[in-house]
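Visitor: I am new to this structure. Please pick a single part and take me through it closely.

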Amino acid sequence: MLSTPQFSPELEEFRLTVRQFIQQNLPDDIRQMVACERMDLPREAQVRWHQILRGQGGWCCPSWPEHYGGPGWSDEQQYIFEQELSLNDAPRLMIYGVGMLGPTLFKYGTKEQKKRILPDILEGNIFWCQGFSEPDSGSDLASLQCRMTEDGDKYLINGSKIWTSDAHLADWIFGLFRSGGGERKQQGISFLMIDLSSPGVTIRPLKIFEDTHEVNQVFFDQVRVPKENVVGVAGQGWEIGKYLLSLERFGTAEVSRTKASMKRLTRLAYAPVAGGMRLIDNVDFAERYCKIERSLHALEMTERRLLLGDQRAESVDTGASLLKIRGTEIQSDVFRLTAEASAHFAAIDIARSFTELQADNPYQVGDATRNYFNYRKTPIYSGSNEIQRNIIAKAELGLS
Amino acid sequence: MTDTSLYEQQSLIEDSARRFLDHHYSFEARRKIIHEEVGYSTQQWKEMAELGWMLLPMSADYGGLGGDMALVSTLTKEFGRSLFVNPFLGSAVVSTKIIEESDRESLRSEILDGIGAGGVIVSPALYESQVRYDLDNIATTASENDDSIVLNGTKTAALYGNVASELLVLARSEAEHKNADFSLYLVPVDQQGVAMIHHRTHDGGRMSDVLLNDVKVNRNQILLRGQKTLPIVKRAIRYANASICAELVGAMEATFEMTLEYLKSRQQFGKQLSSFQALQHRMVDMFMRCQLAESMRREAARAIESANETEQDMIISAAKCEIARSALLNAEEAVQLHGAMGMMDEMPVGHYLKRVFTLGLLFGDADYHQNCYRNMRVQASE
């Protein structure tokens, strides 16, 4: 791996503190699941790790200011923290509550909402999921139709949300709902929080072809939601949703996660092989490996330049799209190469062949092939890479 | 993350270079200049020297401005934007960095003073066509007699040999063993036995083949000898490549901007070309390659200033191969997106393609650096 420029001595000291804490406190069973590249961690494991970080001065909510119980970190500290989580095989943070809803409520929430909702996110008591896409509204998100109508002091919700990650683990959902019309389809959308245990909510699991259950369809049939669960005012949802998605700027490229995946691939590549010809000695493999390494380095330096450089404020929007596109492209390349690096072993469906997923399998990369299939989702989710290109074309290049 | 004073210095250089080039080196002016005999304007060359540009790559120990690649590459990025071709790379960059390392004090300061003032142009005669970019296997020999040294061989790609007063000739002792001693000589172009064939390059630049036929040099023409010779030359080449990376990035940015402008102005099927999504996405891909290349340009500059030798070697090779490829791809895309207009000599876009193609070949092309990178990676322990 090419080394990257150091931050200031204080920040590098901070990095060491974080690293040491993770290495000493991350439970081994959780570390193993993450080292196998699993995203579908059981809720119990996610909560357990969240609470360990909670005990460390609110590290579970790295982007939160101190008065909400977070550590009050700078952008650089958050960036370093996220890197160290990845490089030490710690789980991703509980993104929907911690990374998205919390900071959105800082800006748009009422006093009552902040008081009611933030502590449970901080403590890891309430697990959130996010409802944006609908069966007929994918890339064209603003065409969403899941209805929200007034009914006395409540709203009635009818319709469904789809591709809802972790809805089967979650207690609550936030999302965008159609509360009215307007000249533009972006009007008449509201941002709402809904208790998933409400009568009329049904969750249908959707299995992805890779064989795991991460996403769901959530149905709403005459679901009654108190009016105090609207964030901002009714009709302001599109603006709030855009703000919420912009908060994910450090996450979408998954650069440091991909670096961790590269480290696993590197172990395979340099492992001694009978006959003396290591994988890295195969010129074609080595070339693909080097290409990924170079691309990832360029992306990492771009991430630092756009997100932490002098012009960080101007470059956030298109920076996030660029990073998402290239990040997920490179991530897909790493997973494919890792799967192929295992030769015949890559053909075996480990999860269905052994009693449990073995982190100590001969190749030490978990089920690389499953990961390869699974991570085909990343160029599609969170605004497909085609949509991201539309965003750059419009926002940065002024093309329309 | 950035040092403010460095940032300010970069802005000053950028502004002054852009002003200079906008004023003196418009695309129309350039078309005339590159067809003149020497291939650049000697008047502009003088003004460049007065602006202190020749001193930018030079170490402060020898009267230069320190040679900080963050500053040099700011300047050469502007050269790239304007398709500025001139002897800067060969003389002020490569030759300077090599001569700085010579321990012949009086010779060293005399030549560096000349280069710094712009009055002397020294052309590096390092490469030979039969070994492509592989300096370890050059065939030019230096055979020592009692009173003199005789050089024999054929060099290629001596940049602006047509206007150089001196050449830097890399040779090896005649001994058979592969790791024979390398040495480097300062050879006046009019020395007996030196013949040159001057060429025009596709980007309007100049380079020369140098034939050395029993060229007798004396000992005080030796600039470098012994085991340190080749590493010094290679270090200068890394430095040159960081500078080339910046020129390529400058050319990429200009190409991108003019293509964007073109798509916004041209109408077909009753609407602007820029409204077609297929074209928009290609522009976005060009944009992303520009952004990533810019990051790698800065990374190459950082490596020159602060990385250890191995790390520097890898980063420079990574940057050169990625940037050279991206620059070429972007230039091809730019021509394509201009349609038939892209093929016109009167349009700048094709000239950017010629420039990035040609520049990419110097001091190791993309394949060469890709190969270097891979070899280093394979040999490294994980």
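Guide: Two residues are in contact if their C-beta atoms, placed from the backbone, lie within 7 Å. By that rule, A:Ala234 touches A:Ser179 and A:Ser190, leaving out residues up to four places away in sequence. The model is predicted, so local features need pLDDT of at least 70 and side-chain atom pairs count only at pLDDT 80 or more, while totals for chains, interfaces and linings use all residues. Residues are numbered from 1 along each chain as its sequence is written, and chains are lettered from A and ligands numbered from 1 in the order in which they are written.

A:Ala234 sits in the loop between strand 8 (230-231) and helix 7 (237-246) of chain A; helices (H or I, at least four residues) and strands (E, at least two) are DSSP runs, numbered from the N terminus. A:Ala234 has 19 other C-beta atoms within 10 Å and is therefore partly exposed (20 or more would be buried, 12 or fewer exposed, and in between is partly exposed, with C-beta atoms placed from the backbone). A:Glu66 is 168 residues from A:Ala234 in sequence and 30 Å away in space, C-alpha to C-alpha.

The part to look at closely is the meeting of the two chains. There, 31 residues of chain A are in contact with 27 residues of chain B. On the chain A side, helix 8 (255-270), helix 9 (283-308), helix 10 (312-340) and helix 13 (385-395) each supply at least two residues. Helix 9 of chain A gives the most, with eleven residues. By class, this side of chain A has 16 nonpolar, six polar and nine charged residues (Ala, Val, Leu, Ile, Met, Phe, Trp, Tyr, Cys and Pro count as nonpolar, Asp, Glu, Lys and Arg as charged, the others, Gly among them, as polar).

Now to helix 13 of chain A. Its axis and that of helix 8 (residues 277-306) of chain B are 9 Å apart, and the two helices pack at an angle of about 80°. Axes are lines fitted to C-alpha atoms, for helices over the stretch in contact, and angles run from 0 to 180 degrees between N-to-C directions. The two helices are therefore roughly perpendicular (65 to 115 degrees; under 35 is roughly parallel, over 145 roughly antiparallel, the rest oblique). A:Arg389, A:Ile392 and A:Ala393 of helix 13 of chain A meet B:Gln280, B:His281, B:Met283, B:Val284 and B:Phe287 of helix 8 of chain B. That contact has five nonpolar, two polar and one charged residues.

A:Ile392, in helix 13 of chain A, counts as buried, with 25 C-beta neighbours inside 10 Å. Apart from neighbours within four places in sequence, A:Ile392 is in contact with A:Thr318, A:Ser321, A:Leu322 and A:Leu397 as well as B:Val284 and B:Phe287. A:Ile348 lies 44 residues from A:Ile392 in sequence and 40 Å from it in space, C-alpha to C-alpha.

Within chain A, the axes of helix 8 and helix 9 come within 11 Å and cross at roughly 155°, which makes these helices of chain A roughly antiparallel. Helix 8 of chain A brings residues including A:Val255 and A:Met262 to the contact, and helix 9 of chain A brings residues including A:Tyr289 and A:Leu296. The contact divides into seven nonpolar, one polar and four charged residues.

Within chain B, helix 7 (residues 229-265) and helix 9 (residues 309-337) pack at about 25°, with axes 9 Å apart, which makes this chain B pair roughly parallel. Their contact has 16 nonpolar, six polar and three charged residues.
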